[in-house]
Amino acid sequence: MAKLLDLIPAVLKMKSWILSLLLICISCTWRTQAEFFTSIGQMTDLIYAEKDLVQSLKEYIQAEESKLSKIKSWAEKMDALTMKSVSDPEGYLAHPVNAYKLVKRLNTDWLELENLVLQDSTSGFIANLTVQRQFFPTEEDETGAAKALMRLQDTYRLDPETMSKGKLPGTKYRSSLTVDDCYGMGKTAYNEGDYYHTVLWMQQALKQHDEGEDATITKAEILDYLSYAVFQFGDLHRAVELTRRLISLDSAHERAGNNLRYFEKLLEKERVAKLLNKTSAVTESAVQGGVYERPADYLPERDTYEALCRGEGVKMTPRRQKRLFCRYHDGNRNPHLLIAPFKEEDEWDSPHIVRYYDVLSDEEIEKIKELAKPKLARATVRDPKTGVLTVANYRVSKSSWLEEHDDPVVARVNHRMQHITGLTVKTAELLQVANYGMGGQYEPHFDFSRRPFDSTLKTEGNRLATFLNYMSDVEAGGATVFPDFGAAIWPQKGTAVFWYNLFRSGEGDYRTRHAACPVLVGCKWVSNKWFHERGNEFLRPCGSTEVD
């Protein structure tokens, strides 16, 4: 028995070493799949991780309650006994059994109680938490998630109140943001130098705080950020008002005191300048409007793009509508499609964009998602100056590439796209599968290359055409839009859209600049195939003019 007991520390040490090694291995593989916010598909794993933690926490609580129950029972027993003994100590100890039991209790029983009190019930929960923490989102994820909410707020013109109350279209589950959540949003924006969203979210946090909502964050902390962000917009009068309110709540706030003196000094200069008729137009508009405009950014067609995402500004006129038709498509009498042609619908006339129905079955979609999910990695773009692939804020999704030998379903889908388009897949790119995360998007871009240094241009040629499969419905948002000519195409599970990126001459069709709108509600899965010029010279021959 003694030898067996001696082995226990060694076994525990070995188990600890194995667990540590396992955690290192898991951590190394998992970190390659970081950035949870860029893929809703991978974020679902976090749901199960949190469920496991809740179960572990409940077991810890149960163990603590059991321990406290034993301690409480002991205390009650000792309380009754000591009440009797202290009333007549000598008479109580006159009985030899009582004397013995007193000695025994103080020498043995209280020691056992001490061990019970010191017993660590947290070990199981802490061990599980340590394991799960390897898979937790990072600071980058939290920042990315906050910025995604702000992107949705801007694109779909949702005020902070709507976002905070969770009043989003098509939502199955309602969820709201607390004062602390709104403060966290504002703080993230502030750290990014985004004073526009800092003001919006700090104002919302202050509003909910003023309404009496419980919070760990104080009004003074909110006002500290809000007053400075408002100052950044040149609204001195409101900055002074907010700073004075902050000082009334915390008179010892040194920074607020310094800021107030500085703001008041600027206000005095402004007053003098006004007398001299040199008032800043920016300050005037800021004070009069009370609402701050979103600063312009790098995307010239931002307003058009976002309007199309909301379903506004679509240039589908009655005259154009008359030129759109539905038909059965047999791939120019392709033998594979003669018996079972595909339903084809015109989405746009020029450039010609078509939608095919029932391209992928539910079973094929689930298989493709199953194959793609372990390979998902943050989608990249090619730097226009260096040609190096890199991640970018304007493309928020994860993607993977599937080869035909991965599974027969991939080969089957590839051949189906070849039959439908009449183009060869021999020089096409692999099947790309993408899953969009929180506010997942891909801002306006061209599919064809405009960079002479792309190595594929010399071998396979440029991207001739795009075949885009929608593998999920999206409750709100997530449209494919073309800002140049005002088209918006909405995801529909099992369908696919197809268009040519190049004219027959090989010149790029700049009208095909398109975007994937942010997903407001839902989980968007797509797959696409890019067909290249090489091998399709006779399948899609040149036209008589440059723009045929």
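Helices (H or I, at least four residues) and strands (E, at least two) are DSSP runs, numbered from the N terminus. The model is predicted: local features need pLDDT of at least 70, side-chain atom pairs count only at pLDDT 80 or more, and totals for chains, interfaces and linings use all residues. Residues are numbered from 1 along each chain as its sequence is written, and side-chain values use heavy atoms, leaving out hydrogens and water.

**Exercise 1.** Determine where Asp358 lies and whether Asp358 is buried or exposed.

*Solution.*
- Asp358 belongs to the loop between β3 and α16 (362-372).
- Its phi is near 55 degrees, a positive value in a residue other than glycine.
- Most residues other than glycine have a negative phi.
- Buried means under 20% relative accessible area, exposed over 50%, and partly exposed in between (1.4 Å probe, protein chains only).
- Asp358 has 54% relative accessibility and therefore counts as exposed.

**Exercise 2.** Describe the peptide bond that joins Ser350 and Pro351, and locate Pro351.

*Solution.*
- The bond is cis, with omega about 0 degrees.
- Pro351 is found in the loop between β2 (342-348) and β3 (353-356).

**Exercise 3.** Characterise the crossing of helix α6 and helix α8.

*Solution.*
- The axes (lines fitted to C-alpha atoms over the stretch in contact, with angles from 0 to 180 degrees between N-to-C directions) of α6 (residues 139-155) and α8 (residues 179-191) come within 10 Å and cross at roughly 100 degrees.
- Angles under 35 degrees count as roughly parallel, over 145 as roughly antiparallel, 65 to 115 as roughly perpendicular and the rest as oblique, so α6 is roughly perpendicular to α8.
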